[in-house]
Amino acid sequence: MRLDSELLARVRDGSPFLSTLVDREGDFLDRLTGFDVDALAVIALEDPDVPLARRLRIERRRLALLVALGDLGGAYDLRRVTRTLSDFADHALDRAIAAAIEERTPGAAPIGFTAIALGKQGSRELNYSSDIDPILLYDPAILPRRERDDPAEAAVRIARRATELLQARDGDGYVLRVDLRLRPSSEVTPIALPVDAAIGYYESAALPWERAAFIRARAAAGDTALGERFLDAIRPFVWRRALDFGAIGEIRDITRRIRDHYAQGQAFGPGYDLKRGRGGIREAEFFAQVHQLVHGGRDPRLRVPATLDALEALAAAGRIAADEATTMASGYTLFRTIEHRLQMVDDRQTHSLPAKGEAIDRVARLHGVADGDALLALLAPHVAAVAGVYDRLDGAATPRLPADPRLLAGRLAALGFDPPDAAVRRIADWRGGAYPALRSPAARSALEDSLPGVIAGLAAASDHDAALLRLDAMLAKLPSAINLFRLLEAQPALAKLLSTILCHAPTLADALARRASLLDALIDARALEPVGSVAELAAEMRMRSGEGYERLLDHVRDVVNEKRFMLGVQVVAGTGDPLAVAAGYARLAEAAVEVLARATADAFAERHGRVPDSELVVLALGRLGGGALTHASDLDLIYCFTGDFAAESDGDKPLGAVLYYNRLAQRLTAALSVQTASGPLYEVDTRLRPSGAQGPLVVSLTGFERYQREDAWTWEHMALARARPIVGSAAARERAAAIIARVLAGDRPVRDVTTEAVAMRAEMARHKPSAGPLDAKLGEGGLVDLEFAVHVLQLRERTAFSPHLGEAVDLLIACGLLPEAMRDAHDFLTRLIVAVRLIAPGAQLPPDTTQPILAAAVGCGDWAEVMATLDTTRHDVRTAWADVMEGRYDGNR
């Protein structure tokens, strides 16, 4: 291949190293047909008579020439350059390990010894003249060794020989510089470590910087299956499910130490350190890594090792702004490119611009710009922009609260704590390490940094002491409080939202006291948006299905509890309409039932097999059937099965169909309701099944149909008006829905629907009186009265059937059977019920400071409007229910 004259001139002028390679590798260049080639294939020296070390050195020399010319000539972008260099490093390291094993144990398979690539090799971003930073691990049980060799000694000998093959220099150069100091406790440990010991170290004693290092870890050479086993084992150490805002402080501390240690290269200009300087490569990398550490435990899409890929993933997921990603990516690309120019000059691992004019001019011309001034002008805006984005990670410092009790009391009084005495005592307890989570120096420092924002938020509470007690309950149950405090410090808006919850939403505050990690969910950019569809939620819940049934139960609880909490916060924060939140609660529950039903059936089938031509069908009734739950709603379910009730399952422990499905349903109920380490899920109510609590837990669909057509009472048919199938194949659901439709349309016993419903409502009023002035469900003129009116009209007139109450109201209004005001009544009462469960769970009037939040949730301007609307709505519903009882809506109106 003939080199472009301008490119060759730049090489001759700017790089003694490349000039030498051009002269030495003329035959290689002549054979090269272009740059769009398989690099490892075209550089390969296939001569078995040449020792491996020399072959690798020659291959590395050819690769250095090929990549440099492709880069300088514009044929290779940064990604291709770094990936090609990294692929060769993997290849060379793998060959060196195999050769070292072969020398000691001829003919043995190269197993039991692996190289974990860290740093830029791990992320496939190697520099032009870079060392590699592997961790060498071995498995004593399978490592090839001589008969009398100790496994540890054999592993060290293999490691030394492999390193020697790569690092030794002669007239052909070298292959790779190898740095083994990133291994655990490198000053005292051997250069190759047993894999189990390494796992134990990272699980229990690793340092913060090592978490960042392992973002880019990869099993690169040797026994990669062993390497993958190691990485799988330590994944929880790297990717913590709880959002880790303490990582910001850790990474920033590393940055400050780097800036201090390399102070001479910080200022931009000649001599600037592209890697470690302020606004340089390291800060672009750290910016991506800190956001990965914070969010990657919860979002596997962010666990990408390469910096450019990570920036793209973070922006796509909404974790960083798109302009931040663009700024960091463009700066990083330019810095790495110029860094490669520096290293091409003499094949030295340097990162600093030359301090003298002629030297920097040569680098500039090698890059293709006129001189050093032009190169600095090209770099300057990118350095400033990267530094600006990175420095924003720190945010603005907030003064700490005074340590002196008298000064603290004065500060608290100024915030509105009147009297401040209880708050002063509570803060003193926290500072004194009242709970285990507060006893380490790091925890106390994090507490002090976050307290100003938290206390300022709690000042809005009508009962400061109660809000402080709720926060105290959270702290008492935390195993570690560092991450919570760093999270609140890093996210002032979250601190304000936490204060709102503690001050105004006791239901959510109690949930946080039981499980403080729920707060993590609010960092998600989608936390205050509606939850997804049933299918999307089910897919998220199934993410852990391959890890076993018990782990799936925990994961479903994690998802449900987090999203249920997020939905409640939407109401309190004023970002979610309670009607939409109620629908979100229902979709969440339906997805949980669907996922656990399938998983429970699969687990049950492992022992008992399956009943041929048969399946479980689950019907949702009540609020779940109507698609509108509250935060604490239970689930009204009926279990049925298709097929022959006399059939038998085909497993090792066969069961008759009736017993099979009753046991399966018991397990599903337990899966939905039993509390695990991840918390509770739902209370399940199956009393609406045929014959109620006296009947079997599960009946065949045929038996269900017969019961509904021949024996069911009016109240059961009223419940059936809200029924819909949520588990089962499409055919089974269609059959169940058809049965429900036929029964509601009139295929049922003739009864005096109105008389029976009126008696039932009176009985309910005696046994379930109104809980308080805000009980919009059970109180007279509440939602239950509206439900009775709707279901009586549906059954009596045999029309307007929809399991969704609001839709049923609309249909009845269209038929002239209900007044138009009933749709507004339905919406207001539903909103109030959903909001009251969160803000005033006893249905009593909330404090004055909380009333505006509840008013906003139900769409009212102030508290007076809430009470006036409630009075009007109750009157309208009472009137409508009375008209239905008296038969004043007869279908001909």
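Reply: On a 1 Å grid over the protein atoms alone, a pocket is an open set of points with protein on both sides within 12 Å along at least five of seven lines, a cavity is a set of points where a 1.4 Å probe fits but cannot get out, and lining residues have an atom within 4 Å of a point. Grid points are joined across faces, edges and corners, and a volume is the space filled by probe spheres set on the points. The model is a predicted one, in which local features need pLDDT of at least 70 and side-chain atom pairs count only at pLDDT 80 or more, whereas totals for chains, interfaces and linings use all residues. Residues are numbered from 1 along each chain as its sequence is written, and side-chain values use heavy atoms, with hydrogens and water left out.

The second largest pocket has a volume of about 1,400 Å³. Its lining comprises 34 residues, with Asp636, Met764, Lys768, Lys777 and Val784 nearest the centre. Two or more lining residues come from each of helix 28 (622-625), helix 31 (714-720), helix 33 (753-767), helix 34 (783-797) and helix 36 (821-839); helices (H or I, at least four residues) are DSSP runs, numbered from the N terminus. By class, this lining holds 17 nonpolar, 5 polar and 12 charged residues, where Ala, Val, Leu, Ile, Met, Phe, Trp, Tyr, Cys and Pro count as nonpolar, Asp, Glu, Lys and Arg as charged, and the others, Gly among them, as polar.

The largest cavity has a volume of about 120 Å³. Of the 14 residues that line the largest cavity, Arg60, Leu85, Asn127, Tyr128 and Leu176 lie nearest its centre. Helix 5 (52-72) and helix 6 (78-104) are the elements that give two or more residues to this lining, and helix 5 gives the most, with 3 residues. The lining of the largest cavity divides into 9 nonpolar, 3 polar and 2 charged residues.

The second largest cavity holds about 50 Å³ of space. Among the residues lining the second largest cavity are Trp430, Ser450, Leu471 and Phe485. Helix 20 (441-458), helix 21 (464-477) and helix 22 (482-490) each supply at least two lining residues, and the largest share, 4 residues, comes from helix 20. The lining of the second largest cavity has 8 nonpolar residues, 1 polar residue and no charged residues.
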